[in-house]
Amino acid sequence: MRTVLVTGGAGFIGSNFTIELLKDKNYKVIVLDKLTYAGNLDNFSDEVTRNPRFEFIKGDIADRSVVEKVMKRVDSVINFAAETHIDRSIVNYDPFVQTDFIGTYILLDEFRKKTRDRFIQISTSEVYGSAQTVPMTETHPISPQSPYAATKAGADRMAYSFYKTYHLPIVVVRPFNNYGPNQYPEKLIPFFIANAIEDKPLYVYGSGKNTRDWVYVKDCAQALKRILDISADKIKGEVFNLGSGKEYDVLEIAGIVLDYFNKPRSLIKKIADRPGHVERLISDTKKVKKILGWQVKTEFNKGIVETIKWYEENKWWWEKIRKRKEYQQFYNGWYGSLMKVTQSKK
Ligand SMILES: NC(=O)c1ccc[n+]([C@@H]2O[C@H](COP(=O)([O-])OP(=O)(O)OC[C@H]3O[C@@H](n4cnc5c(N)ncnc54)[C@H](O)[C@@H]3O)[C@@H](O)[C@H]2O)c1
């Protein structure tokens, strides 16, 4: 049985991945998660927590003593742990530098101490910045536009350097925008769904014409499982984009959500653009298809409806998050300041 360290496993993609991995009896999962505002043990059902192949450790990837201890018990690492909200990185980038960059470096440094199976670094399509050529291949220039993306790009290249310099079995994965169950309700799709349900504004930055390539999180979890299953020799040193090859803009998504609930378009409120906002991301899908035989299975039109239904049926999950002082302080502060910029431009 292989023991996999899943850092950040209590977050959105990490929890969906943990659920997927536990389906396979050949794997034991140790989740290491700091439980920041975005980490959530509600993401694990009783079935998961009672599974003898599941273990949870509360801890920080940037804390060497914690990492040193847990690393001794695992053969593979998949690093999801990160501060992930771009908007927050604009207000305060300290925790991004600390976790996304320093935390990754500490994991890599401890990983290096013994021969192990593989280290999968979860990077992001945001490292590319806005598309210079489309669709975007793995060789597209790295040109991050936000502090979040910059710290992720640093970690992405740091991981790669450990392959080049020390010949470690490192794989870098750059998912495009994920959506689906368990996503913290400050992120675009759950934010729109929850606000539509509560008749609150769907804030849209700038023109609303910025596009993203959307990947249903359960499809992403399956791709990552393949990256763990395949012989490390076949993929070490590789970078993989995980995208669908299709793009949807923010206004289209707002429209789909409002139509589902029969709510008026007047709930859409255009506000000032986010500084450094990436205009367009769309993935090339050839490499991952060729090497891993993976492609997005869930068409966006189907996945978005599944996602809306999940948030509709699991209000308990997001309502308690949105009632927290932490959520409200960020929401009011961030959108309040953008509203002021919007009004001063009128
Ligand atoms: N969500 C997306 O669309 C998307 C797209 C591309 C890449 N990614 C990347 O995927 C990964 C997971 O993203 P997500 O959307 O699930 O994020 P998330 O914010 O939902 O979860 C992040 C998790 O990391 C944990 N964490 C934060 N700091 C930590 C630390 N110092 N030590 C240990 N745990 C810590 C949090 O408690 C949380 O459980 C991130 O690396 C992110 O950059 C996300």
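On one side of helix α12, residues N301, K302, V305 and E313 are exposed (exposed means 12 or fewer other C-beta atoms within 10 Å of a residue's own, buried means 20 or more, and partly exposed is in between, with C-beta atoms placed from the backbone). This is a predicted model, where local features need pLDDT of at least 70, side-chain atom pairs count only at pLDDT 80 or more, and totals for chains, interfaces and linings use all residues. Residues are numbered from 1 along each chain as its sequence is written. Helices (H or I, at least four residues) and strands (E, at least two) are DSSP runs, numbered from the N terminus.

**Helix α12**

- The buried residues here are F300, G303, I304, T307, I308 and Y311.
- Looking down the axis of α12, those buried residues fall within an arc of 135°, so they line one face of the helix (the arc is that of the directions from the helix axis to the C-beta atoms).
- As background, an α-helix has 3.6 residues a turn, so residues three or four places apart point the same way.
- What do the buried residues of α12 pack against? Their partners are β7 (177-179), α7 (188-197), β10 (214-216), β12 (248-249), α10 (250-260) and α13 (315-323).
- On length, α12 (residues 300-313) has 14 residues and should span 20 Å at 1.5 Å a residue, which agrees with the 20 Å between its end C-alpha atoms (the expected span is 1.5 Å times one less than the number of residues).

**Helix α14**

- Helix α14 (residues 325-345) also checks out: its 21 residues should span 30 Å, and its end C-alpha atoms are 30 Å apart.

**Helices α5 and α6**

- Helix α5 (residues 94-111) packs with helix α6 (residues 147-166) at an angle of about 10°, with the axes 8 Å apart (axes are lines fitted to C-alpha atoms, for helices over the stretch in contact, and angles run from 0 to 180 degrees between N-to-C directions).
- That makes the two helices roughly parallel (angles under 35 degrees count as roughly parallel, over 145 as roughly antiparallel, 65 to 115 as roughly perpendicular and the rest as oblique).
- On the α5 side, the contact residues include F96, F101 and L108, and on the α6 side they include Y148, M158 and F162 (contact means C-beta atoms, placed from the backbone, within 7 Å).
- By class, this contact has 11 nonpolar, three polar and two charged residues (Ala, Val, Leu, Ile, Met, Phe, Trp, Tyr, Cys and Pro count as nonpolar, Asp, Glu, Lys and Arg as charged, and the others, Gly among them, as polar).

**Two buried residues**

- F119 sits in strand β5 (residues 118-122) and counts as buried, with 25 C-beta neighbours inside 10 Å.
- Beyond four places in sequence, F119 is in contact with V77, L108, F111, A159, L168, P169 and I170.
- I78 is 41 residues from F119 in sequence, yet the C-alpha atoms of the two are 5.9 Å apart.
- A149 belongs to helix α6 and is buried too, with 26 C-beta neighbours inside 10 Å.
- Its contacts beyond four places in sequence are T124, E126, V127 and P144.

- Which peptide bond is cis? The one from V134 to P135, with omega near -10°, and P135 is in the loop between β5 and α6.
- H167, in the loop between α6 and β6 (170-175), is not a glycine but has a positive phi near 60°.
- D199, in the loop between α7 and β8 (202-205), has a positive phi of about 55° and is not a glycine either.
- H167 counts as exposed, with 10 C-beta neighbours inside 10 Å, and D199 is exposed with 10 other C-beta atoms within 10 Å.
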